[in-house]
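Here are my notes on this model. Please read them with the structure open.

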Amino acid sequence: MLKNLLTFLLLFCLTAAAPLAPSFRIAKLHYGGGGDWYANKTSLPNLIRYCNQTLHTNIAPDEATVELDSPELLTYPFVHMTGHGNVAFTEGEAKNLRRYLIGGGFLHIDDNYGLDKFIRPEMKKVFPELDFVELPFSHPIYHQKFQFPKGLPKVHEHDAKRPQGFGLLYKGRLVCFYSYECDLGNGWEDLGTYPEDTPATHDAALRMGANLVTYALTQD
């Protein structure tokens, strides 16, 4: 009897100690047009690690890469897009992205400097009826686990403009958040990637990124 009990307890402990399978993955968007969709190699892995440590999420440590016309797009609760330049959506890609966002998905677009003039007309293909609107500092996305009463943190200077957070609101729901003049993804990268970045800047960027993930997972 005792031997059986010890065997049961050992198996229970081994099972309890085993890591849980990841609940989900987040993805980086692979888009056409020639822009560097692959920029910021270490940003998403660092954000994922930070969320798992501070928010106690169970996100797979390795990001996925997903194309706009892929059926797999619909399986990711959070998709990140970045780059410096050219972006081009086909009609089919725009329809699939619209289907994803209307169906409950969330897209974070991060201007890595130079993206703005390309992404705005392409997102018009997705939502012809919507325009990007600047979100007020009172918006819940700035007030999740971490408080940002003045909006987005400034990571890198480009044109001496203030950082702005824009949104696309579909039937009252924020389906896309666009960080502009902020370089949020650069702030997520490994410390030392950009010598001018301080630990405080890195931490602020990660905290804002954690807010984005939290908001995407919990909004109605």
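Which residues does His-139 touch, not counting residues up to four places away in sequence?

1. His-139 touches Leu-174 and Tyr-215, with residues up to four places away in sequence left out. Bear in mind that this is a predicted model.

2. His-139 sits in the loop between β5 (133-134) and β6. Its relative accessible area is 13%, so His-139 counts as buried, the cut-off being under 20%. Pro-149 is 10 residues from His-139 along the chain, and their C-alpha atoms are 9.4 Å apart.

3. The largest nonpolar core has 33 residues. Phe-89, Leu-97, Leu-107, Ile-109 and Met-123 touch the most other members. Elements giving two or more residues to this core include the strands β1 (27-30), β2 (64-67), β3 (79-83) and β4 (107-111). The helices α3 (91-102) and α4 (116-126) do too, as do β6 (164-170) and β7 (173-180).

4. A second core is separate and has 30 residues. Among them are Phe-24, Leu-47, Val-213 and Tyr-215. Tyr-215 is also one of the residues that His-139 touches.

5. Look at Leu-107 next. Beyond its neighbours within four places in sequence, Leu-107 is in contact with Leu-29, Val-79, Met-81, Leu-97, Leu-101, Met-123, Val-175, Cys-176 and Phe-177. In soluble globular proteins, nonpolar side chains tend to be buried together.

6. Is Asp-116 buried or exposed? Its relative accessibility is 19%, so Asp-116 counts as buried, again with the cut-off at under 20%. Asp-116 belongs to helix α4. Leaving out residues up to four places away in sequence, Asp-116 touches Asp-111, Tyr-178 and Tyr-180.

Terms used:
Residues numbered from 1 in each chain as written. Predicted model: local features only at pLDDT ≥ 70, side-chain atom pairs only at ≥ 80, totals over all residues. Heavy atoms only, no water. Core = buried A, V, L, I, M, F, W, Y, C linked by side-chain atoms within 4.5 Å. Buried < 20%, exposed > 50% of the residue type's maximum accessible area, 1.4 Å probe, protein only. Helix = DSSP H or I, 4+ residues; strand = E, 2+ residues; numbered from the N terminus. Contact = heavy atoms within 4.5 Å.
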